[in-house]
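Hi,

Here is the structure I promised to pass on to you. Have a look at it first, and then read my notes below.

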Amino acid sequence: MRITSGLTQRPIAPPGRVAIRPRRVDFDWEKAPLVWLPNEPIASYLLGSMNLVIPEGERMMIQAFEQALPDVHDEKLREDMLGFMGQELLHAEAHDEVMNQVFTRHGIDPAPFNRQMQYFFRRTLGIGDDSDPQAIRQRLIERLGICASSEHMFAFVGDWALNADLEKFGADPQMLDLYRWHGAEEVEHRAVAHEVATYFGVGYFRRCISMIITWPIFLGWLLRAAMYLSRNDPNTPNIGYPRLLLEFVRAGRRGLVPGVSKWFWSGVSTFVPGFHPDSVGSTAQALAYVAQSPAAKRVNT
């Protein structure tokens with residue numbers, strides 16, 4: 001039995017435990033447009049903003065997992081963590097390619113914004129300068145809680161990307177494949193950061209605090225990155241934040257980006273006692289997409 005959601009069919013039956021592993025991909029960015037949703041520059045910037053924000057966030061999570069790994073004695077969890085880290089590294093590299101190839105070819109220098117991301121994720125959310133072992137561990141636990149909150153948001157966006165009918169807007173196939181490949185792997189490993197945080201003692205209260213902190217900050221960075229793209233694209237009229245927010249709401253209603261109400265309720269769902277990320281998306285659907293991803297197939301042919 002199958003149900004249909006959005007663009008693709010979503011199998012009900014889960015595939016059972018899946019070994020999380022990194023998958024090489026090969027994207028051809030030579031002709032990729034900056035406004036990859038034709039005649040929809042703001043929606044293109046809103047989704048394109050992830051290329052500016054995500055790479056350093058992914059590297060922060062890898063660093064946190066590397067620090068945590070020696071204290072993890074559950075073999076299954078260790079295996080999942082290693083697979084997670086491999087996938088996140090490839091995600092960061094893929095989005096770096098968009099910054100360095102697509103953005104620069106269209107006259108946008110990503111370096112100034114990238115420096116802000118490096119400072120935020122490496123200094124503010126990095127290992128820190130503490131020398132006291134207890135302080136180091138507490139900071140690690142806080143970072144793991146932030147990782148879990150962030151990964152829930154990535155899984156939500158990934159599930160949306162897998163099911164959004166962006167073809168009807170004429171989406172560029174390469175960009176669409178990037179978001180769906182990345183989104184599929186976020187759905188696939190959606191529970192890992194949550195289980196790592198739980199292993200280190202992040203309970204209900206701390207999870208809620210992490211979510212309250214993480215989601216507004218991350219959305220704020222995405223909007224700031226979208227504004228950076230807008231202001232540096234010579235082909236687009238300069239707009240302010242009120243117009244950007246209005247266009248964000250409008251784009252969500254049209255299905256061009258995840259809707260505001262969906263963002264909100266996805267975040268609120270984590271406040272339900274007993275919440276687990278397995279409630280987001282379908283592993284079977286995610287695996288089906290990565291098996292047919294053009295960028296993944298290009299590596300295997």
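Let's start with how the chain folds back on itself. Of the contacts in the protein with a separation of 6 or more, 82% are between residues 24 or more positions apart; contact here means heavy atoms within 4.5 Å.

Before you go further, note that this is a predicted model, where local features need pLDDT of at least 70, side-chain atom pairs count only at pLDDT 80 or more, and totals for chains, interfaces and linings use all residues. Residues are numbered from 1 along each chain as its sequence is written, and side-chain values use heavy atoms, with hydrogens and water left out.

Now the overall picture. The protein has eleven helices and two strands, and along the sequence they come in the order β-β-α-α-α-α-α-α-α-α-α-α-α. Both kinds of element are DSSP runs numbered from the N terminus: helices are H or I with at least four residues, strands are E with at least two. The C-alpha trace spans about 50 × 50 × 40 Å along its principal axes. A compact globule of 301 residues would have a radius of gyration near 19 Å, and the protein agrees, with 19 Å. That radius is taken over C-alpha atoms, and the globule rule is 2.2 Å times the number of residues to the power 0.38.

What about the surface? The accessible surface of the protein is about 13800 Å², and 56% of this belongs to carbon and sulfur atoms. These areas come from the Shrake-Rupley method with a 1.4 Å probe, and for residues only the protein chains shown count as cover. Of the 301 residues, 54% count as buried. Buried means under 20% relative accessible area, exposed means over 50%, and partly exposed is in between (1.4 Å probe, protein chains only).

Histidine 194 sits in helix H6 (residues 192–199). Is histidine 194 buried or exposed? It counts as buried, because its relative accessibility is 11%. Leaving aside neighbours within four places in sequence, histidine 194 is in contact with Ala148, Arg207, Phe275, His276 and Pro277.

For contrast, look at two loop residues. Proline 273 is in the loop between helix H9 (260–269) and helix H10 (283–292), and is exposed, with a relative accessible area of 64%. Its C-alpha atom is 32 Å from that of arginine 123, which is 150 residues away along the chain. Asparagine 39 is in the loop between strand S2 (8–11) and helix H1 (41–68) and is exposed at 75%. Asparagine 39 has a positive phi of about 65 degrees, although it is not a glycine. Most residues other than glycine have a negative phi.

Finally, go to helix H7 (residues 204–232), where you will find isoleucine 217. Isoleucine 217 counts as partly exposed, because its relative accessibility is 38%. Together with Tyr204, Phe205, Ile209, Ile212 and Ile213, Ile217 forms a nonpolar patch on the surface, with about 590 Å² of accessible area in total. Patches are made of residues with over 30% relative accessible area and no salt bridge, with like charges joined within 9 Å and nonpolar side chains (Val, Leu, Ile, Met, Phe, Trp, Tyr) within 5 Å. A salt bridge is a side-chain nitrogen of Lys or Arg within 4 Å of a carboxyl oxygen of Asp or Glu.

Cheers
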